[in-house]
Amino acid sequence: IPVTTSPVTPAPVTPAPVTPAPVTPAPVIPVTTSPVTSAPVTTSPVNSFPACNICGEGMVSKPANTIDFLGDADPVTCGDFYQLALDGGVNPSFCADVPMEIKMGCGCP
């Protein structure tokens, strides 16, 4: 069976102008840490544990940010929690493994 081809003429293409979508900046939300599953702050008197630096090396650079521990009525500022740990008010098992969200939220180096 013989096959013949006929020429194909494509339809003309007219490009449409491109209009970029407007950019709306995302709102800036103050950083707070996520709640942790248990409150590491003990009811023991201050200085009952060894001094602990929640940042490891360095200091909290965002002392006004808050940490919301589940079960506590009020959130704690990073500055207050940092000082509590230095004063021996935080269990060493928590201090050895401070959650990254607390370190980041409090501005640890």
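**Figure 1. The disulfide of Cys55 and Cys108.** Cys55 and Cys108 are joined by a disulfide with their sulfur atoms 2.0 Å apart; a disulfide here is a pair of cysteine sulfur atoms within 2.5 Å. This is a predicted model, in which local features need pLDDT of at least 70 and side-chain atom pairs count only at pLDDT 80 or more, while totals for chains, interfaces and linings use all residues. Residues are numbered from 1 along each chain as its sequence is written, and side-chain values use heavy atoms, with hydrogens and water left out. The torsion about the S-S bond of Cys55 and Cys108 is about -65 degrees, so the disulfide is left-handed. The pair links distant parts of the chain, with Cys55 in the segment before β1 and Cys108 in the segment after α3 (100–105), 53 residues apart. Helices (H or I, at least four residues) and strands (E, at least two) are DSSP runs, numbered from the N terminus. Cys55 is buried at a relative accessible area of 6%, and Cys108 is buried at 16%. Buried means under 20% relative accessible area, exposed over 50%, and partly exposed in between (1.4 Å probe, protein chains only). Gly56, in the segment before β1 (66–67), is partly exposed at 41% relative accessible area.

**Figure 2. The disulfide of Cys78 and Cys106.** A disulfide joins Cys78 to Cys106, at 2.0 Å from S to S. The link of Cys78 and Cys106 is left-handed, with -80 degrees about the S-S bond. Cys78 lies in helix α1 and Cys106 in the segment after α3, so the pair ties together parts that are 28 residues apart in sequence. Cys78 is buried at 0% relative accessibility, and Cys106 is buried at 0%. Leaving aside neighbours within four places in sequence, Cys106 is in contact with Val60, Ser61, Lys62, Ile67 and Cys78, where contact means heavy atoms within 4.5 Å. Gly79 also belongs to this view: Gly79 lies in helix α1 and is partly exposed at 22% relative accessibility. The C-alpha atoms of Gly79 and Cys106 are separated by 8.1 Å, the two residues being 27 residues apart along the chain.

**Figure 3. The disulfide of Cys52 and Cys95, and the pairing of the cysteines.** Cys52 and Cys95 form a disulfide in which the sulfur atoms are 1.0 Å apart. Cys52 lies in the segment before β1 and Cys95 in helix α2, so the pair ties together parts that are 43 residues apart in sequence. Cys52 is buried at 7% relative accessible area, and Cys95 is buried at 15%. The count of disulfides comes to three. With the bonded cysteines of the protein chain numbered in sequence order, the pairing is 1-4, 2-6, 3-5.

**Figure 4. The aromatic pair of Phe81 and Phe94.** The count of aromatic pairs comes to one. Phe81 and Phe94 form this pair, which is edge-to-face, at 6.1 Å centre to centre and 80 degrees between the planes. Rings of Phe, Tyr and Trp (its six-membered ring) pair if their centres lie within 6.5 Å; planes under 30 degrees apart count as stacked, over 60 as edge-to-face and the rest as tilted. The pair links distant parts of the chain, 13 residues apart: Phe81 is in helix α1 (residues 78–86) and Phe94 is in helix α2 (residues 92–95). Phe81 is buried at 0% relative accessibility, and Phe94 is buried at a relative accessible area of 13%.

**Figure 5. The largest nonpolar core.** This core has 17 residues, of which Ile54, Val60, Ile67, Phe81, Phe94, Ile102 and Cys106 touch the most other members. A nonpolar core is a set of buried Ala, Val, Leu, Ile, Met, Phe, Trp, Tyr and Cys residues joined through side-chain atoms within 4.5 Å. Helices α1 and α2 each supply at least two residues of the core, and its largest share, four residues, comes from α1.

**Figure 6. Residues 34–44 and model confidence.** pLDDT stays under 50 over residues 34–44, for which the model has 28 contacts beyond four places in sequence. pLDDT is the predictor's confidence in each residue, from 0 to 100. Where pLDDT is low, the predicted coordinates should not be read in detail. The protein chain averages a pLDDT of 75, and 65% of the residues score at least 70.
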